[in-house]
Amino acid sequence: MAYFLHHSPWWVHRFETLSNHFLELVVPFFVFLGRRMCVLHGALQILFQVVLIVSGNLSFLNWLTIVPSVACFDDATLGFLFPSGPGSLKDQVLKMQKEGAREARPTLNYGCMMRQAANLALGVLVAWLSIPVVLNLLSPKQVMNSSFNPLRIVNTYGAFGSITKERTEVLLQGTASPNASAPDAVWEDYEFKCKPGDLRRRPCLISPYHHRLDWLMWFAAFQTYEHNEWVIHLAGRLLANDAEVLSLLALNPFADRAPPRWVRGEHYRYKFSRPGGLHAADGKWWIRKRIGPYFPPLSLRDLRGYFRSREWPYPEPE
């Protein structure tokens, strides 16, 4: 779906942006405007999250967002889903509600008063701790995913503080050539389970499942390997044909072979091919252009000191 939505007309993208702002900034207040508006809020939010689920891989975030929206639908709204008639579930619930209505309301006791006092105190505390969070929200230098007090009761959260307009990817490649700089060295790609790599592989849909390594590789492409040293650790494990790490990948080009002598990272810019274009006709979902090296060719011997300085266990070839 993302492939075709990306190539939608300009007015579709404008509508997407407008509806996104409306659903996130206006619709949430429908909860406080009575039963019908609350039900409308639940329906719109669930529809919004379903569109996000079918158009991208955002892990379980959208599924979790649906959960509180379900609470917007009361018994009267969901009653059509259950059979009616004598002895049915709906009939039993109605009888329980009538019996509860006939019973006298319990008098206010000491325990109830203490609970109300505790609820009020907690509400005041959360409101007080929310002041720096709200100020941060309104600040032009907003800080994402941070806390402002040692209790960590109220924090800032943001899955995406900013959205990039280009998709860059890191491709990990290995070669069995003794000389990584040789013009005839054949570099073979490692394929991940979901993230873009092979230009002919259709974009996957895994939500609500989450391929953590694919996700981290996407974020690593925004920076350099110096900011993501774990990528070098990953390269070292690939040089040893580590079975545990290879289980996280979709394709190991050195399966049933000796481990690669060298592994390197290449930085590419990816974009969708145009429907009906030459690349799409050739079966390619993606078009890519090389940006440059992400990290240079590395061998296990090169990484011995690197691993030792970080107190990482040195991988032994399997």
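## Charges over rings

A charge is said to sit over a ring if NZ of Lys or CZ of Arg is within 6 Å of the ring centre and within 35 degrees of the ring normal. R310 meets this description, lying over the face of Y306 at 3.7 Å from the ring centre. R264 is likewise placed over the face of W187, at 4.1 Å from the ring centre.

## Basis of the report

The model is predicted: local features need pLDDT of at least 70, side-chain atom pairs count only at pLDDT 80 or more, and totals for chains, interfaces and linings use all residues. Residues are numbered from 1 along each chain as its sequence is written, and side-chain values use heavy atoms, with hydrogens and water left out.

## Aromatic pairs

A search of the whole structure gives 17 aromatic pairs. Rings of Phe, Tyr and Trp (its six-membered ring) pair if their centres lie within 6.5 Å; planes under 30 degrees apart count as stacked, over 60 as edge-to-face and the rest as tilted. F22 and F30 form an edge-to-face pair, with 6.3 Å from centre to centre and 75 degrees between the planes. The pair of W218 and F219 is tilted, because the ring centres are 5.1 Å apart and the planes stand at 50 degrees. Ring pairs also join Y3, F4, Y270, F272, W285 and W286 into a cluster.

Accessibility can be stated for both pairs (buried means under 20% relative accessible area, exposed over 50%, partly exposed in between, with a 1.4 Å probe and protein chains only). F30 is buried at 11%, whereas F22 is partly exposed at 39%. W218 is buried at 19%, and F219 is partly exposed at 29%.

## The sheet and its helices

Helices (H or I, at least four residues) and strands (E, at least two) are DSSP runs, numbered from the N terminus. Two strands pair if DSSP finds at least two bridges between them. Four strands form an open sheet in the order β2-β1-β5-β6, with antiparallel pairing. Its edge strands, β2 (188-189) and β6 (286-298), each pair on one side only. Strand β1 (residues 167-175) is joined to β2 by two bridges, and Q173 stands opposite D189 in β2.

Helix α8 (residues 212-220) packs on this sheet and touches β1 and β6, where contact means heavy atoms within 4.5 Å. The direction of α8 makes about 110 degrees with that of β1; axes are lines fitted to C-alpha atoms, for helices over the stretch in contact, and angles run from 0 to 180 degrees between N-to-C directions. Helix α9 (residues 230-239) lies across β1, β5 (262-272) and β6, at about 80 degrees to β6.
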